[in-house]
Amino acid sequence: MTDTATVDNFPALHQKIGDKKLVYLDSAATTQKPQSVIDAVTNYYELDNANIHRGVHTLSQRATKAYEQARKDIADLLGASRAEEVIFVRGATEAINLVAQAWARPRLCKGDEILITEMEHHSNIVPWQLVCEQTGASLKVAKIKDDGSLDIDSFKEMLSQDTVLVSVAHVSNAIGTVNPVEELCALAKSVGATTVVDGAQATGHMHVDFSKIDCDFYAVSGHKMFGPTGIGCLIGKYTLLQEMEPWQGGGDMILTVSFEETVWNEVPFKFEAGTPNIAGAVGLSAAAQFIRKIGYKTIHAQEQELLAYGRSVLEAIEGVTIIGTAKNNAGVIAFTIEGVHPHDAGTILDHAGVAIRTGNHCAEPLMKRFGLHATCRASFSMYNTTQDIDALGTAIQEAITMLR
Amino acid sequence: MSNLRELYLEMVTDHAKNPRNRGKVDPCSHIGTGHNPLCGDKLVVTVLTNKDVIEDVKFDGEGCAISTASADLMAEVLVGKTIKETKILFDTFHGLLTEDSNTDSVPRKLAVFSGVREFPMRVKCATLAWHTIISALDGNEGATTE
Ligand SMILES: Cc1ncc(COP(=O)(O)O)c(C=O)c1O
């Protein structure tokens with residue numbers, strides 16, 4: 001199981017909440033950061049801070065090099081075929097909005113369809129609703145089964161010659177279902193649709209190979225894979241990115257500017273207007289190195305062990321119902337406790353030092369699908385231990401005693 | 001743990017588990033829907049007034065222990081109060097939840113929520129029913145804690 005050396009890498013985990021040891025079970029919201037990521041950001045500001053792609057001075061060269069190295073590191077880690085396929089953005093939300101506004105909006109029209117699933121995060125729903133409003137296209141939603149897995153038959157039924165774009169979560173944030181994205185993308189391709197995969201919940205937990213999934217776009221969230229907040233990327237097929245017009249204008253995204261005509265810079269710079277989050281990219285690069293060092297295989301195996309143990313501990317508590325029991329699941333357990341509202345559970349667990357997420361998890365339609373307003377959600381990362389799960393179980397018992 | 005016990009006093013958990021005023025006032029003179037986007041809770045408050053005096057209040061909907069108990073005790077406290085008195089009482093109650101105000105002037109059934117002060121994230125739960133009824137009395141249908 002997780003050795004203490006791993007836990008030691010994460011300074012924020014070593015603290016008390018009141019007089020209780022912190023048990024952090026909210027990694028699906030954001031992961032804690034290893035010391036190497038914190039140091040990389042600090043070092044960058046202490047030594048190399050400068051603007052990129054402009055100055056000829058030493059610091060600017062160093063900053064530019066570090067920023068572009070980060071692009072290569074992410075491309076390597078996630079299987080992009082070249083570094084230029086990686087566009088830095090604020091996070092998965094911005095990545096999806098970029099595709100919506102720069103790819104979909106100019107291309108879609110009335111009669112076209114966008115297909116998503118019932119388990120999507122709001123950030124993979126709302127950008128498409130905006131595009132539909134702007135273009136007259138319509139949004140279709142593939143159903144999920146009672147165990148939280150995608151209903152492939154429903155997905156196939158919804159696909160048609162009118163489907164222009166398909167966007168699906170790689171891993172559901174609310175219940176942890178892992179979708180067979182390779183298969184879904186192949187199905188989408190068969191009707192000629194362009195494909196987007198929301199990988200926000202995947203890249204911190206399992207091996208992702210952009211080229212092998214063979215989607216057109218893949219959205220990445222830096223802060224959910226041990227990186228800083230405010231950095232993420234859109235990975236896109238190079239030819240598609242070339243065909244697209246920019247979505248924001250400003251510095252760095254242009255080659256020449258005159259009042260008569262402006263010439264766009266090349267991919268990826270065309271999509272990175274303004275001074276980017278350089279420190280964030282440097283931190284993300286350190287996060288990629290951290291993941292490489294531990295290895296996705298180890299991370300995934302540990303989290304699967306925690307999932308199995310977590311499910312068994314929660315199932316044994318009377319009145320606890322687990323939502324989302326798909327076979328292929330990430331380290332996320334959503335649950336309800338009979339007689340204890342999730343909001344109360346959140347407060348009582350926090351008092352025991354146990355940090356979980358409660359509410360609708362930015363997935364209101366999914367909650368509605370299960371007839372719920374809210375759930376509790378415990379989500380794991382490689383730094384969690386079985387003791388953390390025991391603490392969760394004990395705290396749930398306390399909540400039940402207190403409120404039932 | 002002591003803070004937590006003060007949040008979930010027996011009177012609070014008792015009214016959360018067995019609310020006395022759940023349901024609908026029918027016929028009613030005012031109706032309001034309250035929504036707490038943070039937890040997805042929804043509350044419908046129905047009121048019957050006679051001239052300016054509240055004769056009956058009931059609430060319906062799903063909520064956490066704090067919002068349910070608060071709605072239930074609010075309903076008990078407000079019967080017989082004028083609309084003006086209701087508004088003044090809400091101000092006092094809000095002060096109790098957010099400031100170190102003196103609890104002497106607060107009815108005992110509301111003073112049990114003074115523990116909420118230590119849990120700023122839960123103030124919205126304790127005030128949802130109040131926001132809803134004030135909004136209903138003002139002639140608006142919807143209220144949110146945002
Ligand atoms: C499945 C999923 N998609 C998208 C997002 C948004 O990611 P970001 O915070 O990087 O914008 C999240 C974050 O909660 C998520 O879980």
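This is a predicted model: local features need pLDDT of at least 70, side-chain atom pairs count only at pLDDT 80 or more; totals for chains, interfaces and linings use all residues.
Biologist: How many salt bridges are counted between domain 1 of chain A and domain 2 of chain A?

Modeller: Residues are numbered from 1 along each chain as its sequence is written, and chains are lettered from A and ligands numbered from 1 in the order in which they are written. A salt bridge is a side-chain nitrogen of Lys or Arg within 4 Å of a carboxyl oxygen of Asp or Glu. Between domain 1 of chain A and domain 2 of chain A, the count of salt bridges is 2.

Biologist: With which residue does A:Arg369 form a salt bridge?

Modeller: The closest N and O atoms of the pair are 3.6 Å apart. The partner of A:Arg369 is A:Glu118.

Biologist: Which element gives the largest share of the side of domain 1 of chain A that touches domain 2 of chain A?

Modeller: The two domains have 15 residue pairs in polar contact, both residues at pLDDT 80 or more; a polar contact is a pair of N or O atoms within 3.5 Å, where within protein one must be able to donate a hydrogen and the other to accept it, and residues adjacent in sequence count only if both atoms are side-chain atoms. Helix H11 (296-315), strand S14 (332-337) and helix H13 (364-369) of chain A each supply at least two residues of this side, helices (H or I, at least four residues) and strands (E, at least two) being DSSP runs numbered from the N terminus. With 5 residues, the largest share comes from H13(A).

Biologist: What is the area buried between domain 1 of chain A and domain 2 of chain A?

Modeller: Domain 1 spans 3-27 + 296-403 and domain 2 spans 38-293, with bounds from an automatic or database domain assignment. Contact (heavy atoms within 4.5 Å) involves 31 residues of domain 1 and 32 residues of domain 2. Buried area is the accessible area (1.4 Å probe) that two parts lose on being put together, summed over both. Carbon and sulfur atoms give 60% of it here, and the total is about 2600 Å².

Biologist: Which three residues supply 30% of the area that domain 1 of chain A buries against domain 2 of chain A?

Modeller: Their part exceeds that of any other three residues. They are A:Tyr296, A:Leu366 and A:Arg369.

Biologist: Which three residues of chain A lose the most area to chain B?

Modeller: The predictor gives the complex an ipTM of 0.88 and a pTM of 0.93, and chain B averages a pLDDT of 90. The contact takes 14 residues from chain A and 21 residues from chain B, and the chains bury about 1500 Å² between them, 61% of it on carbon and sulfur atoms. Together accounting for 38% of what the chain A side buries, the three are A:His343, A:His351 and A:Met402.

Biologist: Which residue of chain B meets A:Asp344 in a salt bridge?

Modeller: The rule finds 1 salt bridge across the interface of chain A and chain B. The N to O distance is 2.8 Å, and the side chain that meets A:Asp344 is that of B:Arg122.

Biologist: How many residues does H12(A) give to the side of chain A that touches chain B?

Modeller: Across this interface there are 7 residue pairs in polar contact, both residues at pLDDT 80 or more. Helix H12 (342-351) and helix H14 (386-403) of chain A each supply at least two residues of the chain A side. H12(A) has the largest share, and its number of residues is 5.

Biologist: How many residues apart in sequence are the parts that A:Arg377 and A:Asp26 tie together?

Modeller: These two residues form a salt bridge, the closest N and O atoms being 3.3 Å apart. A:Arg377 lies in strand S17 (residues 375-379) and A:Asp26 in the loop between strand S3 (23-24) and helix H2 (35-48) of chain A, so the separation of the joined parts in residues is 351.

Terms used
Side-chain values use heavy atoms; hydrogens and water are left out. pLDDT is the predictor's confidence in each residue, from 0 to 100.
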